Amino acid sequence: MASECCLSLTKYFLFLFNLIFFLLGSLLLSMGLWILLSEDKMFKIFEVPPPPYISIHLLSYLLIISGSVTMSLGFLGCLGSLKTVKCLLATYFILLTILLAAQIVGAVLFYTQKTELAVSLEVQTVKLISTFGQNNSNFKSFETTLLDIQKKAKCCGWNGIEDWGKSIPCSCYVNATVNATYEIKHPKCFTCSSNSSCSDGIYYQGCGEKIKTWLDENLLLILVFILAICVVEICGMILSMCLYKEGSVEYNTIFY
């Protein structure tokens, strides 16, 4: 009797656990689609500033991917906990294990290879700047992300304004507006005209230093967030294995 009561508590606790995951995934997916389709209108409606170091399109893709993964895991966990089918519970456990391992490996690599990652990012950013505006559709999203980061973080280039040479984009200018006009003398030249609202000054500090400072200030918060997610995933793995021992191999119970 006591074992059956414990099994029922584990079953419904795992169901509630994954139901929250499923609802959270639905929210993330909905937000991602809303941002993707309406761009920055959502931030204006809720009067919330957009994130400073990521473009709106990239943010929407990340929300859609994370929301889809969270919804899938939540749905699989809810179904497996209600029906206690070993196949579903084992699949749920394996997926959580893979996700947990990927997070741990990613966190360790990020912490131990920060210098190499920074050098690689610098090389790619400088390369992107050197080929900026050459109508290469493969890099359009990255170019938009770079301009958004410069505008929101109030910086220019990776090391500084010298990365752009004489072709300084409007996002490097203080108080630049969307109505500013452009002089296009060269495929990679997007310099603001002198009679536009971009002539109030230029950001000289490089974005690389800004990003490093932000990461240093928020590194502990990021690690705590990753640790919290790992703890939640471990709890889900333990609960799923507890149910797996009492699970059924009859797959037709899924539909009844």
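The model is predicted, so local features need pLDDT of at least 70 and side-chain atom pairs count only at pLDDT 80 or more, while totals for chains, interfaces and linings use all residues. Residues are numbered from 1 along each chain as its sequence is written, and side-chain values use heavy atoms, with hydrogens and water left out.

Let's start inside. A nonpolar core here is a set of buried Ala, Val, Leu, Ile, Met, Phe, Trp, Tyr and Cys residues joined through side-chain atoms within 4.5 Å; buried means under 20% relative accessible area, exposed over 50%, and partly exposed in between, with a 1.4 Å probe and protein chains only. The largest such core has 14 residues, and Leu14, Tyr92 and Leu96 have the most contacts inside it. Two or more residues each come from α1 (2-38), α3 (56-83), α4 (86-112) and α7 (207-245). Helices are DSSP runs (H or I, at least four residues), numbered from the N terminus. The largest share of the core, 5 residues, belongs to α4. Apart from this core lies another one, of 10 residues, with Leu128, Cys156, Cys172 and Tyr173 among them.

Back to Tyr92. Leaving aside neighbours within four places in sequence, Tyr92 is in contact (heavy atoms within 4.5 Å) with residues including Leu14, Phe17, Leu73 and Gly236.

Now for Leu58, which is found in helix α3. Leu58 counts as partly exposed because its relative accessibility is 36%. Leu58 and Ser141 are 83 residues apart in sequence, yet 8.0 Å apart in space, C-alpha to C-alpha.
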